[in-house]
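Hello,

I am handing over the structure we talked about. Please open it first, then read the notes that follow.

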Amino acid sequence: MSEKVGVYVCHCGTNIAGKVAVEEVAQWAGEQPNVEIARDYKFMCSSLGQELIEEDIKDKGLTRVVVAACSPHMHEKTFRGACQRAGLNPFLFEMANIREHDSWTTEDEDAATQKAKALVRGAIDRVVHHQPLEPLPVDINPNTLIVGGGIAGISAALELANGGHHVYMVEREPSIGGHMAQLDKTFPTLDCSACILTPRMVEVGQHDNITLLTWSEVEEVEGYLGNFTVTVRKKARYVNEELCTGCGICVEKCPKKVVDNAFEAGLGERKVIYTPFPQAVPKYPVIDTENCTYFIRGKCKACQIFCPTDAIDFEQEDEMVKFQVGNVILATGYELFDVSRIPRYGYGRLANVFTSLEFERMVNAAGPTSGKIVLRDMETQPKSVAIVHCVGSRDQNYHEYCSKVCCMYSLKFAHLVHERLPDAEVYNFYIDVRTPGKGYEEFYHRLLDEGTNFIRGRVAEITDIPRTPEEEGKLVVQAEDTLLMLQRRVPVDMVILSPAMEAYADSREVSQLFKMGCDFEGFFVERHPKLDPVATMTEGIFIAGACQGPKDIPDSVAQGAAAASRVSSLISQGTVMMEPVRASIDEEKCCGCRLCNELCPYNAIEFHEDTKVSEVITALCQGCGACVATCPSEAITGAHFTNKQVMSEIEGVLWDVITSEPVPA
Amino acid sequence: MKEYALFPGCSLEKMASSYYVSAVETARKLDVELKELEDWNCCGATTYFHVDELLAYTLSARNLAMAEKAGLDLVAPCSACYKNSYFTNVYLKEDPDLADHINFALQADDLQFSGSIKVRHLIEVYVDEVGLEEVKSQVSHPLDGLRVAPYYGCQMVRPRKEGQEIRDVEQPRYFERLLSAIGADPIDYEPLKVHCCGGSLILTSRRAALSLVRNLLQSAVDRGADVIATTCPLCQVNLECYQKQVNQEFGTELSVPVMYFTQLMGLAMGIKPEKLGIGKELVSAAPIVFSSVGAEAS
Amino acid sequence: MSEKFEPVIVGFLCNWCSYRAADLAGTARIKYAPNMRPIRVMCTARIEPQFVLKALREGADGVLIAGCHPGECHYVEGNIKALRRFTLLKQMLRQFGVEEERVQIVWASASEGTVLAAAVDRMTEQVRALGPLRWKETVLSGNGHVEAVAVTEAEEV
């Protein structure tokens, strides 16, 4: 049975009609095989234009529609809607792009008209082979998984939980809070970080709608949008959470101290049974089995002996927790660039070179020096401090990107030094001072008023080898002062390095677990850098915070809330319709070669051991067509991009040069 | 028996003749034959590349082409010669136009560059090709606890070679491993071990170079070195021959022996000091010889 | 009416990058050769070698495949898959006696309208210089079968 195609050639005012002879094309289209009616019209996308289509479908019994106009990215949806309203399946429609790809790209009117005919014929020949397709309904489980308990994750969790939806929050460390819990003051307001963070942490910990799984990691994720099955490994704390009251006697009585490389950034110590910081949520301590005397030699057990509720359980094992969610928000945060990768800066070799996190802990009133700024000997106060911007960032040897927050926190450090050591000289070595947020530039001016020395030059070397008597016993920071055009050697007592924010080293594994992508730097890839920064290419997986790219606290909070809002909207829709442009395998034709299995970037193809054929998990398939092209048995069909459709389109666009003799297919 | 084409370079002929003889002596002990490249020419040193790049590359390429003809990898004991030859080899392979251009000139000498051989520094050969186990096996008089400052200099490690990380440039360890293999005690000479000695600035901008030399010597002394070992003739000269001037300029009293690593290796292998070119230094190496191999050898 | 030979080039453009690049070229009113007739696919990974051969057989003088830059494919690495197939296809086409320039692959991200336009211009001129393909005469022998052209020099893959 032949089809009845309606062809509509749009003038688009003079945008198309100015170069393409639209009436001629319409008339010519009317003479092509399968075409029932062909019209030209000034503005097809207008309501009148759409009504033309709708009426023709009803009156003339059209079975297919072609609109030759602008790009499908502009109006495919519009015309599909028109078809649908008239009772025609929206996928029985095709557009020919004769504006962006034709009339706008050439001055040659003959060539433009010729090309328009080719594109229209291609669309006609293709649309004849279109099949009606139905979008796939998918139910959305109202629970959400949030990976990461930093400020972005907390922000997202509270938005969702307060909205009445249940959240599972999985955090790798023993407590939520992330890096923000380590900070002392936050720029530019100099709010105490813990003071603004801890109330939120408590809210999360106490919320009925949040299941908090700390000291845990996601091990496996199966499923698709609306229907994820997540397996989490809840690592053994060796503390029974049912019995523990958080009294802290175990920590007090523990006889062994070790250097705290995590929370205290190596500057302070903690006990072997510990909570990372006093306001930890949850309050349950955790035992560091690598350093615990009991786990090493079977002795001690002081914590168990003194625990008033008998909550210590050395036999405790990791627990696997499984649950269903509809959406996932990844808010896994960042780590700092390893400054020992720049040996010239002397970190590790020169005692008084500090990283930003070490300094944060130092200035924190609850930190290892009770907020005093001192040298590595924990005693001497420095009389001069150098702060080095752009360590590992804006650097072709390490990371080219700008880490966005370091200028601000470097200024913050300068301020804190001025505040606590009023007589100290402070030198900030910078390339540019980047202060784009609210109150940020004003903060910079304040620092200028406070007498900070700003030297515009990338630091070449930090050394303890003196060249003059003034440099004896000091750390010398050598940089080219590009404003004075001089090499400068500035002797100081203490150097603080401001390293770049980096994605976690295992971000690639994490992204593979969730079947989404990382960019070259390891940050998670957003769906669109401008218009969709919290969604990913994988339906149902969202990202928020520094794991998407370096950013400060307000942006992390905003992204957390944005991701929560997206999830919320999906939950309230209840059922979501997914695009039917997907692959499917004809199991009769499948020979079980499994070539397609490995190719699929979304692991959307399953191999059935019993029947020895592969099957596409429709909901996971994103419709790229890689498997379709690969299958040697031609067993895989790519809906809406079938071989017949594409081959016909090829023949169509070549209508004027096509070989006269039919060549065997 | 490993064979290499030896590229002595202009300095090993005269100024660094002790490097030449000690290189040949140690090579013999390690079953390495260093065949001097016939009719070799200057590598272009530092200056020529700033005068005429194309001609400078041609000079180096000629040496490479001759080594190719002999079918042997090129070994340069001098760091500058090594650097020039190594990177000429790299650039000509990266830039076929440049290679064509230069090959056109080389044709006149019936030579052709094709990039088939490798360029090595002598210390690389000993550490990587011969191997430290072999070196150790030839040590009859280990330099018991002799504290040596391993001075790599800058042209041997920079520019960064393909596959290397920044740490390989800033914190290499192979010189220390070689010194340990011959029984010496390498001091921690970071960060100056890969810093410049001043190079040819000693002629054109003397005070700047002297201040660099002074730092190197002072750091070695402060870290307890008995001797500084070098891998480059210009480094050796700068460090050894200007100590009087450094003292005059800066009011210091520095006196540090500076020797080639091949001389130290030779002593450890029991070769007589005269055969290693020892005895002609401005800062006498006698204490080193004495402490390492005793009165019998000195 | 010009006597000049106007090559017909079929273009396979991926929905996310190169198709949008072509859209952008139009929106920016960049003028380039009208000889390329675009066909949309979701990803260059969908392009079967048969599509290319079909186009050449049905009268196209050249085929342009345009996708996202490696590392930026919307479907992770579809463009790499396309590149692999393209490399093998090129070898086959060489044996058919089809010139290098007739089938090309370019990368253009959604913001690179100028890149795509330049590629089309360049390819149009290259194919124009080669003349019409005439698949039947060039590739098919008298009895309608393909006869391989002897490959004389070592081919670099």
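Contact here means heavy atoms within 4.5 Å. Please keep in mind that this is a predicted model.

I started with one residue of chain A. A:Asn428 touches A:Ile387, A:His389, A:Ser410, A:Leu411, A:Ala414, A:Thr452, A:Asn453, A:Phe454 and A:Ile455, leaving aside residues up to four places away in sequence. One of these neighbours, A:His389, is joined to A:Asn428 by a polar contact of 3.0 Å between the side chains. A:Asn428 belongs to strand β22 of chain A, which covers residues 425-430. Is A:Asn428 buried or exposed? Its relative accessible area is 0%, and under 20% counts as buried, so A:Asn428 is buried.

Next, the interface. Chain B contributes 15 residues to the contact and chain A contributes 12 residues. Together the two chains bury about 1,100 Å², with 50% of that on carbon and sulfur atoms.

One salt bridge is counted between chain B and chain A. In this salt bridge the side chain of A:Arg344 meets that of B:Glu170, at 3.0 Å from N to O.

On the side of chain B that touches chain A, the elements giving two or more residues are α8 (166-170) and α11 (206-222) of chain B. The largest share, five residues, comes from α11(B). Sorted by class, that side of chain B has six charged, five polar and four nonpolar residues.

Regards

Methods
Residues numbered from 1 in each chain as written. Chains lettered and ligands numbered in written order. Predicted model: local features only at pLDDT ≥ 70, side-chain atom pairs only at ≥ 80, totals over all residues. Heavy atoms only, no water. Buried area = accessible area lost by both parts, 1.4 Å probe. Salt bridge = Lys/Arg side-chain N within 4 Å of Asp/Glu carboxyl O. Helix = DSSP H or I, 4+ residues; strand = E, 2+ residues; numbered from the N terminus. Nonpolar A, V, L, I, M, F, W, Y, C, P; charged D, E, K, R; others polar. Buried < 20%, exposed > 50% of the residue type's maximum accessible area, 1.4 Å probe, protein only. Polar contact = N/O pair within 3.5 Å; in protein donor to acceptor, adjacent residues only side chain to side chain.
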